[in-house]
Amino acid sequence: MRSNFLLSIFFLSFLANNLFAQKTYLLRPDRIFDGQEIHENWAVLIKNEKISSVGPAAELTFDSQNTEVIDLKGCTLLPGFIEGHSHLFLHPYNETPWDDQVLKESRSYRTARATSHAKKTLMAGFTTVRDLGTEGAEYDDFGLKQAINQGIIPGPRMIIATKALIASGSYGPKGFSADINIPQGAEEADGQDLIKAVRSQIGKGADVIKIYADYRWGVNGETRPTFSVDEIKLIVETAKSSGRPVVAHASSEEGMKRAILGGVETIEHGDGGTTEIFKMMREHGVALCPTIAAGDATSQYRGWKKGTDPEPEKIKNKRITFKSAMDARVTICTGGDVGVFSHGDNARELEMMAEYGMKPIDVLRSATSVNAKVFHQDNLGQIKPGFLADLVVVEGKPEVNISVIRSVKLVMKNGVIFKD
Ligand SMILES: [Zn+2]
């Protein structure tokens, strides 16, 4: 009895130590990017899971007895990066085609992989992910999120979509006999039935409702719109009563237009965006999550030799539309559709945004404070007193060379150091 009691005390304190830092840290890098600007010779004081103060290192007061001081020479400290579009239940399609992942991989196998993906993501300095659909792995993102939140496995905070919604007949896997029903990569629902589908996904843990506003289901396999504007409005109205946003996969002009008019908060991909459409996004306050790295990866899976072959039309077009979204001053999130390419390689999207013409400092803003704001994470994305101590330390100056975000020296989530 007594030993059981002691054991539970030990277990509880172990859990508490893992979940909530009981420590005070003073981190002294060369510079701090606070989510907006770079500040030379600043330091940050962390107490328990929160940022307690930040400012010029010489002016910060702290209790030297009970504070662990960490000097980070040559380093920049930033808010933990926020991945805006991940699929922790997918892995690159050149390893296993998407159809085979959905149809041939068991859910236990996919979950086992996802735990490894989660760890890689966190170690790369991405302390939060908006995970936009399990692609056939049901509600398993909810269990993964629980295990991370309880400190059972290391991983990023997760904002989850569970199954995502598709119009009947529009999605995949495709190409099978009409006599059999093949499991789909997301949940089919239409018309009034959408109300029930949205509510059940919420009940099962969805933080956000993700819809496919268009897909490759045209007569010749071309991308065409799926849901009507009224259907999207119904989804948005239903989700909104519970305080949840709706986000849309859309890459055709008409699909994007319907998503905007239907009231979604972000558009994923947006490859077919025109000047008119981006103007409309700006007017309706819809943000764009461009997923440049996914297109770059799939083009290479299809045989494009980057650096040797000329750029495919799809890539050329993406450069143009990304620039035109920036010119229209559309809010741009950072989200690579990681899963299509390797987890832990999330930096690829930030590098590509810079390569396609965004200033590195704006890329850093997008991946931290902008993503936090768009995803309603009011205590994340900035180095500010009261904010959660999610941060990443990299060697070098990322606002000069974005690629230095790959040289991660330290990752902290909730005031706990995960990489040192
Ligand atoms: Zn995606």
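A residue is called buried here if 20 or more other C-beta atoms lie within 10 Å of its own. The structure on screen is a predicted model.

**Stop 1: strand S11.** Select residues 209-212, which make up strand S11. Ile-209 and Ile-211 lie on one side of the strand, Lys-210 and Tyr-212 on the other, and all four are buried, so both faces are covered.

**Stop 2: the largest nonpolar core.** Which residues have the most contacts inside the largest nonpolar core? Select Val-44, Ile-209, Ile-211 and Ile-235; the core itself has 108 residues. Next select residues 360-374, helix H12, which gives the core its largest share, six residues. Colour domain 1 (21-79 + 383-419) and domain 2 (81-345) separately: the core lies between them, because both give residues to it.

**Stop 3: an open sheet.** Move to strands S6, S7 and S8, which form an open sheet in that order with parallel pairing. S6 (81-86) and S8 (157-160) are the edge strands, each pairing on one side only. From one strand to the next, the twist averages 20°. Strands of a sheet pair through backbone hydrogen bonds. To look at one pairing, select S7 (residues 126-131) with S6; four bridges join them. Glu-83 has Val-129 in S7 as its bridge partner.

**Stop 4: helix H9.** Select residues 292-301, helix H9, and pick out its buried residues: Ile-292, Ala-293, Ala-294, Gly-295, Asp-296 and Ala-297. What covers the buried residues of H9? Among the covering elements are helix H10 (313-327) and helix H11 (347-355). After H9 comes Gly-303, with a positive phi near 110°.

**Stop 5: Leu-103.** Finish in helix H2 (residues 98-104), where Leu-103 has its place. Why does Leu-103 count as partly exposed? Leu-103 has 15 C-beta neighbours inside 10 Å, and a residue is partly exposed when its count falls between the limits of 12 or fewer for exposed and 20 or more for buried. Leaving aside neighbours within four places in sequence, Leu-103 is in contact with Pro-173 and Pro-183. Last, select Gly-185: Leu-103 and Gly-185 are 82 residues apart in sequence, and their C-alpha atoms are 9.0 Å apart in space.

How values were computed:
Residues are numbered from 1 along each chain as its sequence is written. This is a predicted model: local features need pLDDT of at least 70, side-chain atom pairs count only at pLDDT 80 or more; totals for chains, interfaces and linings use all residues. Helices (H or I, at least four residues) and strands (E, at least two) are DSSP runs, numbered from the N terminus. Two residues are in contact if their C-beta atoms, placed from the backbone, lie within 7 Å. Two strands pair if DSSP finds at least two bridges between them. Axes are lines fitted to C-alpha atoms, for helices over the stretch in contact, and angles run from 0 to 180 degrees between N-to-C directions. A nonpolar core is a set of buried Ala, Val, Leu, Ile, Met, Phe, Trp, Tyr and Cys residues joined through C-beta atoms within 7 Å. Domain bounds come from an automatic or database domain assignment.
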